[in-house]
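Good morning, colleagues. Please look at the sequence and the model on the screen while I take you through selected features.

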Amino acid sequence: MGTTSRREFLKSAAGLTALAAGTPATAAAQAQPLRPTPACPGSAPPTERQTEGPYFKPDSPLRASLLEPGIARTKIVVTGMVLSTTCQPVARALIDVWHADDRGGYDTTGFRLRGHQFTDDQGRYRLETIVPGIYVGRTRHFHVKVQAPNRPVLTTQLYFPGETVNTRDPIFSRDLVMQVSDAGAGKAATFDFVLDLGRR
């Protein structure tokens, strides 16, 4: 996310949930400082834009799983929603993902670890792939393009928490860090994209 950090956005949402659940006002105030304008529900800043990088290829296959025979590394399932800045779900939004393999290399001749999908009627998506490797000069990341129907494309990147290389990556952004947890033998991650549908 952009102007307001994703961390602040999530903390604000957590504070609202606590109040809705009946937490005493004094306890809620001690746990989380009150904010004059809650992020969501209501409004949220658009997801930060980042460089496309040198390895994007158009016409990726339509698929929600990038797993193929012979692909190694830890499996990860990334889920989330595509929302407008007014926190409304965006149905049928395009999500195109590409990333490095476990050794940090990109497939530039085919479509290995590349694919696109569309959000469902509630704006939800689910991506199954592997945790990418690291290549020189960058931290671990996914490349993503997101586009609401008949709207401009958002190009951005998603990052992993706790990576030592994060602080040395010149374009790393805390606002684009996924929430990642262990899930059996693999990982589970979440990230919600916010689109400015007023842009043309």
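Predicted model: local features only at pLDDT ≥ 70, side-chain atom pairs only at ≥ 80, totals over all residues.

D182 stands opposite K187 in strand 8. Strand 7 covers residues 179-183, and strand 8 covers residues 186-190. The two run antiparallel and are joined by 5 bridges.

The chain contains 2 helices and 9 strands. Read from the N terminus, the order of elements is α-α-β-β-β-β-β-β-β-β-β. The chain has 200 residues, and 42% of them count as buried. As for contacts between residues at least 6 apart in sequence, 73% join residues at least 24 apart.

One example of separation along the sequence involves E48 and D175. These residues are 127 apart in sequence, while their C-alpha atoms are 7.4 Å apart in space. E48 is located in the loop between helix 2, residues 25-31, and strand 1, residues 75-84. With a relative accessible area of 22%, E48 is partly exposed.

In which order do the strands of the open sheet stand? The order is 3-2-5-6, with 4 strands and antiparallel pairing. Strand 3, residues 114-118, and strand 6, residues 153-159, are at the edges; each has a single partner strand, so one side of each is left without a neighbour in the sheet. From one strand to the next, the twist averages 20 degrees.

Strand 2 deserves a separate word. Residues 94-98 make up strand 2, which pairs with strand 3 in the antiparallel sense over 5 bridges. Strand 2 also pairs with strand 5 in the antiparallel sense, again over 5 bridges. At the level of residues, I95 has Q117 as its bridge partner in strand 3. V97 has a bridge partner in strand 3, namely G115, and a bridge partner in strand 5, namely V144. Strand 2 is mostly covered, with 4 of its 5 residues buried.

The aromatic side chains are the next topic. The structure holds 7 aromatic pairs. One of the ring pairs that I wish to describe is F142 with F160: the ring centres are 5.5 Å apart and the planes stand at 50 degrees. Why is this pair called tilted rather than stacked or edge-to-face? Planes under 30 degrees apart would count as stacked and planes over 60 as edge-to-face, so an angle of 50 degrees makes the pair tilted. F142 lies in strand 5, residues 141-147, whereas F160 lies in the loop between strand 6 and strand 7, so the pair ties together parts that are 18 residues apart in sequence. Are these two residues, F142 and F160, buried or exposed? Both are buried. Elsewhere among the aromatic residues, ring pairs link Y55, Y106 and Y135 into a cluster.

Two lysines also meet aromatic rings. The charged end of K57 sits over the ring of F111, at 4.3 Å from the ring centre. The charged end of K145 sits over the ring of F56, and here the distance from the centre is 4.8 Å.

Finally, I draw your attention to backbone geometry at two residues. D59 lies in the loop between helix 2 and strand 1, and D59 counts as exposed at 71% relative accessibility. N150 is not a glycine either, yet its phi is positive, at about 60 degrees. N150 is found in the loop between strand 5 and strand 6. With a relative accessible area of 76%, N150 is exposed.

Thank you for your attention.

Definitions and conventions: Residues numbered from 1 in each chain as written. Heavy atoms only, no water. Pairing = 2+ DSSP bridges. Axes fitted to C-alpha atoms, helices over the stretch in contact; angles between N-to-C directions. Buried < 20%, exposed > 50% of the residue type's maximum accessible area, 1.4 Å probe, protein only. Contact = heavy atoms within 4.5 Å. Phe/Tyr/Trp six-rings, centres within 6.5 Å; stacked < 30°, edge-to-face > 60°. Lys NZ or Arg CZ within 6 Å of the ring centre and 35° of its normal.
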